[in-house]
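The following exercises are to be worked through with the sequence and the structure at hand. Each task is followed by a solution in steps.

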Amino acid sequence: MKDEESGNRLGAYLRARRELVSPAQAGLPPGGNRRVPGLRREEVALLAGISPDYYLRLERGRDRNPSPQVLESLARVLRLDDIERTYLLGLSAARPRAPRRRRPEHVPARVHELLAHLQIPAFVEGRAFDVLAANSMAVALSPRLTPGQNRLRSLLLDPEEQAFHQDWTKATADFVAALRTTIGDDTDDPRFVELVGELALSSQRFRTLWARHDVRSLDGGTTTVHHPVVGELRLHRDKLPVEDVILVVYYPDRNSDSDEKLRLLAALTPTDAPGGAEPAPEGPPGAERRVPPRPEG
C-alpha cells in the first residue's frame, strides 16, 4: 500500500496488475529463473509499444500524465476488462477532477415505508457497505444486516457471516474489489480511510485482496447462503440506487425450494409496522457503526 499512501495510485495499479498476468497469457515463453510473479516491466513495455524507461517512470510515479493511447495499450497487455480499463483511465492525473463535497448519507422517509411493506429481505447500504436501514426479513436472514453494521467488516471478521456464505472466498473478493471501485479517487474520504485502515490491520484476507487492486461492479447477481434455521437458500440480489444510497433486495425464484423456505422464515419473523424499518444510529460516519473486531476464522 506504500504507493497508494504516497499518492502514486497509477503506479501501484500497474504493478499489481502486471504481477497477475503470466507470460503464457501474454504470448511469451515462460523462461527460467523468473524472480518476479507475472510479467517483467520490460515485457509490459515491449508488448505495449512503449520504451522500458517510460514504463518505469509510470510505475514509479515520475510521469502521471500518460496519454489515453498509452493507457489503452497497457490495458490490452494487462488483459483488463471494461471495468478495470475504465478504472485505469481514471487514474491518470491528466483527467480533471472537480472537488466534491459528500453529504451525510440519509435514508429518505419513503424508503423506510417501502422497507416495511416488502415481504422479502431488503435493506439500505451506504457507499462503504454500511447498513443504514433494514426490514425485519433482512435481519431474520442475517443478524449482520442490522443497521449500524458494516457488511464488509462482518464478512471478513465475523465467523458466523463466513459460515453463512457458501462461497466465502468469492464473496470477499467481490466485496473488496467493489469497494475499490466505489472509492475511485475519493481516497481521502474519512469513512473509506477509516474502514480500509481498520480492515488492513485486522484481516490478512483483506490485505491480500487489497494488494491485487481488483476492481469490480457488485450489482445484480445470485448467491447461495446457509441459514441456521431454514437451511440453504439460493437468492437473487438487486441493487437499486435511491438518491445517495442503495436499496438492496434479496428474493428467490418463484415456487422454488428457496421460496418455500423464505416463506417459512417470514412466518417465523414479526412483521414491520409501516415506517418501522430500523434506521442506523445517528452520529458522524463510522462513529457508532463499529463493532468489536473478531479474529478471522
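**Exercise 1.** Determine the handedness with which α3 passes α4, and describe the contact between them.

*Solution.* Step 1: α3 passes α4 in a right-handed crossing; a crossing is right-handed if the near helix is turned clockwise from the far one by less than a right angle, and left-handed if anticlockwise. Helices here are DSSP runs (H or I, at least four residues) and strands are runs of E (at least two), numbered from the N terminus.

Step 2: The axes of α3 and helix α4 (residues 52-59) come within 8 Å and cross at roughly 115°. Axes are lines fitted to C-alpha atoms, for helices over the stretch in contact, with angles from 0 to 180 degrees between N-to-C directions.

Step 3: On the α3 side, Arg41, Val44 and Ala45 meet Pro52, Tyr55, Leu56 and Glu59 of α4, where contact means heavy atoms within 4.5 Å. By class, this contact has 5 nonpolar, no polar and 2 charged residues. Ala, Val, Leu, Ile, Met, Phe, Trp, Tyr, Cys and Pro count as nonpolar, Asp, Glu, Lys and Arg as charged, and the others, Gly among them, as polar.

The model is predicted: local features need pLDDT of at least 70 and side-chain atom pairs pLDDT 80 or more, while totals for chains, interfaces and linings use all residues. Residues are numbered from 1 along each chain as its sequence is written, and side-chain values use heavy atoms, with hydrogens and water left out.

**Exercise 2.** Is Asn8 buried or exposed, and which backbone atoms lie by its side chain?

*Solution.* Step 1: Asn8 is found in the loop between α1 (2-5) and α2 (9-18).

Step 2: With a relative accessible area of 3%, Asn8 is buried; buried means under 20%, exposed over 50%, and partly exposed in between (1.4 Å probe, protein chains only).

Step 3: A polar atom of the Asn8 side chain lies 3.0 Å from the backbone nitrogen of Gly11. The backbone oxygen of Glu59 lies 2.8 Å from a polar atom of the Asn8 side chain.

**Exercise 3.** Identify the residues that Leu20 touches, not counting residues up to four places away in sequence.

*Solution.* Step 1: Leu20 lies in the loop between α2 and α3 (41-48). Leu20 counts as partly exposed because its relative accessibility is 34%.

Step 2: Beyond four places in sequence, Leu20 touches Gln25, Arg212 and Asp214. Leu20 and Arg212 are 192 residues apart along the chain, yet their C-alpha atoms are separated by 8.0 Å.

**Exercise 4.** At what angle do the axes of α11 and α13 cross, and which residues meet?

*Solution.* Step 1: The axes of helix α11 (residues 168-183) and helix α13 (residues 204-212) come within 10 Å and cross at roughly 55°. That angle makes α11 oblique to α13: angles under 35 degrees count as roughly parallel, over 145 as roughly antiparallel, 65 to 115 as roughly perpendicular and the rest as oblique.

Step 2: The crossing of α11 with α13 is right-handed. From α11, Trp168, Thr169, Thr172, Ala173, Val176, Leu179, Arg180 and Ile183 meet Arg205, Phe206, Leu209 and Trp210 of α13. The residues of this contact divide into 8 nonpolar, 2 polar and 2 charged.

**Exercise 5.** How many helices and strands does the chain have, and what share of its residues counts as buried?

*Solution.* Step 1: The chain has 14 helices and 6 strands.

Step 2: Of its 297 residues, 48% count as buried.

Conventions
Polar contact = N/O pair within 3.5 Å; in protein donor to acceptor, adjacent residues only side chain to side chain.
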